[in-house]
Amino acid sequence: MVKYVRSIRGKRLLSVNGFTFYAKVVSGPKTRWSCSTHHYKGCHAVVHTIDDEVVKLINDHNHCLEMKYVTSRRGKQLLSVNDYTFCAHSLSGHKTRWICSTHNTKGCHAVAHTVGDEVVKLKNNHNH
Ligand SMILES: [Zn+2]
Ligand SMILES: [Zn+2]
């Protein structure tokens, strides 16, 4: 999912599946976006847009989305990825399948799979 967001400083950013990109080179209608962690993590993911339309996307980040484990008010362990929370849905072996915590109320289909503490699959396509 691609959307335009504003940073706290009012700068326009591009958000692709929860990763944020900043405009690095602008030439006419063309913009080249770099991952916002480009500088301090050396991430080489890039996006090219023409008139706000994504024409090229190299979404191979060398880092994870901001994820952490949080505890709900009822004491349940939740997975939080970029401020979205996921509930553990099913376990099989070392793998845990997480579904968005709004799955039941909003019908959101975002899912995450973890093995140990690593996210191995992430469909961060929230409808909210
Ligand atoms: Zn990146
Ligand atoms: Zn969701």
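Reply: Let's start with a pair of strands: S4 (residues 30-35) and S5 run antiparallel to each other and are joined by five bridges. Strands here are DSSP runs of E with at least two residues, helices are runs of H or I with at least four, and both are numbered from the N terminus. Two strands count as paired if DSSP finds at least two bridges between them. Strands of a sheet pair through backbone hydrogen bonds, in either a parallel or an antiparallel way.

Before going on, a word on the source: this is a predicted model, in which local features need pLDDT of at least 70 and side-chain atom pairs count only at pLDDT 80 or more, while totals for chains, interfaces and linings use all residues. Residues are numbered from 1 along each chain as its sequence is written, and chains are lettered from A and ligands numbered from 1 in the order in which they are written.

Back to S5, which covers residues 46-50. Opposite its Val47 stands Trp33. Val47 and Thr49 make up the covered face of S5, whereas Val46, His48 and Ile50 lie on the uncovered one.

Why is Leu65 classed as partly exposed? Because Leu65 has 16 C-beta neighbours inside 10 Å; a residue is buried with 20 or more other C-beta atoms within 10 Å of its own, exposed with 12 or fewer, and partly exposed in between, with C-beta atoms placed from the backbone. Leu65 touches Gly18, Phe19, Val81, Asn82 and Leu122, leaving aside residues up to four places away in sequence; a contact means C-beta atoms, placed from the backbone, within 7 Å. Phe19 is 46 residues from Leu65 in sequence, yet their C-alpha atoms are 6.8 Å apart.

Finally, S7 belongs to an open sheet of six strands, ordered S7-S8-S9-S10-S11-S12 with antiparallel pairing. S7 and S12 (118-123) are the edge strands, each pairing on one side only.

Technical notes. Contact = placed C-beta atoms within 7 Å.
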